[in-house]
Every structure is written in structure tokens, then in C-alpha cells.
Amino acid sequence: MNKRKLRDIIGTKLMLIVTLFVFILFFLIFFLLIFGSISVLEHASIGELLFSSPWNPPKNFGLAPIIIATILVTGIALLIAIPISLMSAIYIAEYAPRRVRQIIRPFIDVLAGVPSIVYGLCAYLFLVPLVDNYIAPWFGVRSTGLCIFTAAVTLAVMVFPIIISLCVESFSAVPLALKEASLSVGATKWETVKKIVFRASAPGILSAILLGFGRAFGETIAVSMVVGGVPSIPESLFSPGKTLASLLPRYGELITIPLEGSALILVALVLFIVVFLFNLLGILLLRKAKKRWSY
Amino acid sequence: MIISVCIVLGSLIIIFGIVTFNGASYISIEMVTQTPNPNDALRGGILNSIIGSMLLALPATGLAFLIGLGIALYLQKDFTPSWFSGFIRFTLDVLWGIPSIVYGIFCFTIMLYFGLGGSILAGIFALTLLEIPIITRYIDEAIKMVPKGLKEGAYSLGSTKFETSMKVIRKQAFPGILSGILLGLGRGIGDTASILFTTKATNRIPTSLLDSTDTLPTTIYHSYQLPTGQPKAYAAAFILLVIVLCISILSRILSKKFTKHVIK
């Protein structure tokens, strides 16, 4: 066995080890979270924890109001982000002249790189007073500005660049011949976009939305800065709430209280499982969509 | 459509406007060259946070790059059957989606188990785990783009799989690898949640790996609501944004520069 052969074997084995490390890491996180949440699960059953109210540690750990607020915030954020991002992506990929596209793309990339704490700070300085003074009174509600709606808008802006850049990529990957065929049988540009480009890139759009969902669902810092932090069922969009992820920053202080620390680990476990399930769903849907809309 | 584009670009401009408007006026030589004054919260600077951020993000990115390169090279068809690489890619996607605070909790728990508590080491550990999926997926995409003929050329000259990976594929995919690293660095330097309690907070410049430290994001998070802390928080946000912007521009320039050396 010569030196090169030996080096090849060692290198390959090293690569295998780091690859398996990812795999091990995945299970290690999972089991550590389960292990950590055992003590709160002994305190109450999982069904009780997830569907009861209120969240009032150290006595009651009902996650229902927090889950409702999380669904509201994430849902509204996506409701705002999806149409705007899709429209922008279509414009960038199909309509914009080359030069405009070259100017816009770097801006989107920069927006994607802005740290979440900066989003949070900007929302706190700009959006909170705006909602407090103008938007909430406009709907006839009183609000401090620290509310579900503010958090949702912040998240929507954070999700824009993810959905846009992924959608632009999958729009540009649609073969030119497909578009030309549609245009040559008399379809207008918009019809072509709607019926050809959208369908051909449906799997791509889907995975972009799922990724955006993941980001919105798990965002911790920016949301905890603007959502208000009252763990009760929100009465309206302009009342404060608390999301699953925004419970967690206090873990550092609460670790000394075993039961409460354990409850927060349970929350982390819930986040982990939801992200896992959505990724699984995404892969299954993608496979189906690829079969249905293959070209 | 143009309205949506305007909304997106407008939000970016608003973010930059707010941070610059609030932060730029607090930037002074004192702010970037001194540690916080323990007696007067309004005096002193945030040098310890800047150094802390660098001490965490740079080693973490280096580690994540080494691990990520290994994984991405191993995911090629030459090494693994496709069912296994598909499985690993799925695992990486899930790891990418996990909120960063979960990594923070994970690392903090492990460190407590070893009796270490919050330290720079724990922070580097958390950031590395956070960056691995990002960097790996980027390198993976870049490696997928390497033309098959190039690999076959290397093999036919008698080089082993490992030599081909390290000498041919790595060089060909270099622009993609570089932008992956810089993206990971940008993500790592701006992430708050994973290092919020893994590094603890302190006013001093850290001297050892087991010291606790402040970072730019945690400085913002701890002091944006206190009237006396706001100047520092705004200044930190401004510096952070400038760093992220520089990384983004650097990534563009470098990948353009290195694309020249890539065989088309």
C-alpha cells in the first residue's frame, strides 16, 4: 500500500466521520430535548400541556394561548409575505429589464443578510410607534404597538428575501422554449406567466414558502422584542401575545427553576418537531408536485 | 408588481435609514476603542462587544467550513449512494430550519453537563453548529455544478477520489465555497439567540476561552430598552449592519475575482 492510497483512505474516512457527525448531532439534539422535558411531562400530560390554558409558571404550563399566538403571527406574516414576494419575484424574473434586475438582486441579498436583532430594533423604533399612533386608532383599537400585528409585519419583511430569491431562481430555471411555445399560440405575457411559469416552477415556489414558514415560525429575537410578551390568548390583532420561540430567551435565567426550565425545553422540542414535520411534508409535496408538473 | 418591489426595497431603505439615523451620531472614537465604563453607563464604548463578536464568529466559521467541506465532498455520487446523501441533505435541511435558540439551549445544557457554564467556548460551539448546515448546503450546490468531464479527467490521470476532491473539485467550486463561507460568517456574526445565554455578559475584554464575553447582538438585546443603554445599542446596531454590508460586498467582489480562474 503506497502513501497516496493511504492518504485516500484516511481522507475518505475523515469525511465519513464528519458526515455521520451531522446525523449524530440531529439525534443528540432530539434526545437531549426529550430528556430535558421529562420532568415537566411528569408534572402534567402532553395533551394537557399543549391544549390547556393559562401559561402561569411555576404552577400551570398551558401552552394553548402561546400556540394560538404563534399560529396567528406566523400565518399573518406569510399572508402578507407570500403575495408581495411572489409579485416581486415575477417582476424581477420576467418583466424587469436586465439592468434593473442587476440593481435589485444585490439589494435583496443584503436584505437577507440583515441580522434579526437589527430587524427587531428597527421594528421597535419605527413600526411600534407607527402601529401605536396611526394604524391601531385607524381600526378603532387602542394598542401599545407591541402586538401580534407588529410582530407579523416584522416577520413578513424578514421572510421577503428568502421567498423572493428562491422563487426568482426557480422562475429563471423554466426553459425558454416552454414560454416561447405559449407565446406563439397567442397567450399574452401575463397568461404565460400564470399558466406556464407558475405551474412549471410550482415545486420551487412551494419549497420557498416552506422555508419562509420555517424562518417565521422559529424567529426568536425580533419577535420577542415587539410582540409584547403577555402569555394570554390575544383578543385582537393589536393585543400583545407571546410566541413559542419568544418564550425561550429567558431560559438562561430560568434554568435554576427545574420545572420551568424543563417546560421551556419542551417548547424547544415542540419547535424542533414542527420544523422536522414541515420539512418532511415539504419533501413529500415536492416529489408529488414534480411528478404532476414535470416538463 | 412594481408596487411589491417598491415595498420590499422600501423596507430595506427604512431599515438602513433608521439604523444610520439613530446609530451614526453615536459613533465616536471613544465608542469603538473603550470598554463600558462601570461607573457611568453613558460613558465608555463597546470595544469588548466588537472583539467578542469577532472571537466568536471567526473561529466558528472556520470550524464550520472544515466540517462543511468534508460533508459536502462526501455527499458526491463518487463516495455515497444517493439514498444516503438524500438522507443527509434532508437532515441538513431540518438542522437549517431549527431556530437558533434551540442550538443555544443544546450547547448550554451540554456545557453545564461538563461543568463549564457560559463561556466563549460554548458560544463558538453553538455558532459552529448553527453555521454547519448553511455552509454545507452552499458548498454542496457549488460542487454539484462542477462539470463531470473535469472529474473524469482527474480520475483518468490516476488520481484517487480524495485527491480529485481536494485538488480539482475544491478549486473549481471555490467561488461557490467562498460565498457559502461568507454567508455563514454573516449569519454567525448577527445571530443573537444562540449566544444569548451561552456566552453570558460581561464588561471586560475576554482573556481566555472559558471567559464570558459580550457580543454586538447581545449588547443590543440587553440594552435597547434602557435609556442609558440606547446610545450603545444603536451604535452596536450600526456597526453590525456595516459589518454585514461589508461581508456582502466582499462576497460579490471575491466571487467575481475568483470566477476568472474557474475552468468553464
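Buried means under 20% relative accessible area, exposed means over 50%, and partly exposed lies in between (1.4 Å probe, protein chains only). This is a predicted model: local features need pLDDT of at least 70, side-chain atom pairs count only at pLDDT 80 or more, and totals for chains, interfaces and linings use all residues. Residues are numbered from 1 along each chain as its sequence is written, chains are lettered from A and ligands numbered from 1 in the order in which they are written, and side-chain values use heavy atoms, with hydrogens and water left out.

**View 1. Chain B is built from 11 helices and zero strands.** Helices (DSSP H or I, at least four residues) and strands (E, at least two) are DSSP runs, numbered from the N terminus. Read along the sequence, the pattern of chain B is α-α-α-α-α-α-α-α-α-α-α. Its C-alpha trace spans about 70 × 55 × 35 Å along the principal axes. Chain B has 264 residues, and 56% of them are buried. One pair gives a sense of scale. Asp140(B) and Phe21(B) are 119 residues apart along the chain, and their C-alpha atoms are separated by 40 Å.

**View 2. Chain A holds 13 helices and two strands.** Its C-alpha atoms fill a box of roughly 75 × 70 × 35 Å, taken along the principal axes. Of its 295 residues, 48% count as buried. Ile76(A) sits in helix H3 (residues 64-95) of chain A. This residue is buried, with a relative accessible area of 15%. Met225(A) is 149 residues from Ile76(A) along the chain, while the two C-alpha atoms are separated by 18 Å.

**View 3. Leu209(B) belongs to a nonpolar patch on the surface of chain B.** Patch members have over 30% relative accessible area and no salt bridge; like charges are joined within 9 Å, nonpolar side chains (Val, Leu, Ile, Met, Phe, Trp, Tyr) within 5 Å. Where does Leu209(B) lie? It is in the loop between helix H9 (174-190) and H10 of chain B. Leu209(B) has a relative accessible area of 47%, so it is partly exposed.

**View 4. A salt bridge links Asp109(A) to Arg252(B).** Here a salt bridge is a side-chain nitrogen of Lys or Arg within 4 Å of a carboxyl oxygen of Asp or Glu. In this pair the closest N and O atoms are 2.8 Å apart. The contact crosses between chains, from helix H4 (residues 98-113) of chain A to helix H11 (residues 230-259) of chain B. Both ends are partly exposed: Asp109(A) at 32% relative accessibility, Arg252(B) at 38%. Over all chains the count comes to eight salt bridges.

**View 5. Arg89(B), Asp93(B), Arg137(B) and Asp140(B) are linked in a network of salt bridges.** Asp93(B) pairs with Arg137(B), the closest N and O atoms being 3.0 Å apart. Asp93(B) lies in helix H4 (residues 82-97) of chain B and Arg137(B) in helix H6 of chain B, so the pair ties together parts that are 44 residues apart in sequence. Asp93(B) is partly exposed at 23%, whereas Arg137(B) is buried at 14%.

View 6. Helix H6 covers residues 120-144. Are Arg137(B) and Asp140(B) buried or exposed? Both are buried. Asp140(B) has a relative accessible area of 2%.

**View 7. The second largest pocket has a volume of about 580 Å³.** On a 1 Å grid over the protein atoms alone, a pocket is an open set of points where a 1.4 Å probe fits, with protein on both sides within 12 Å along at least five of seven lines; lining residues have an atom within 4 Å of a point. Grid points are joined across faces, edges and corners, and a volume is the space filled by probe spheres set on the points. The lining of this pocket counts 24 residues. Pro249(A), Arg250(A), Glu253(A), Leu196(B) and Tyr221(B) lie nearest its centre.

**View 8. Helices of both chains contribute to the lining of the second largest pocket.** Chain A brings helix H10 (221-226), helix H11 (244-247) and helix H12 (251-254); chain B brings helix H10 (216-223). Each supplies at least two residues. Which helix gives the most to this lining? H10(B) does, with three residues. By class the lining has 12 nonpolar, eight polar and four charged residues. Ala, Val, Leu, Ile, Met, Phe, Trp, Tyr, Cys and Pro count as nonpolar, Asp, Glu, Lys and Arg as charged, and the others, Gly among them, as polar.

Conventions
Areas by Shrake-Rupley, 256 points an atom, 1.4 Å probe, with all protein chains shown as cover.
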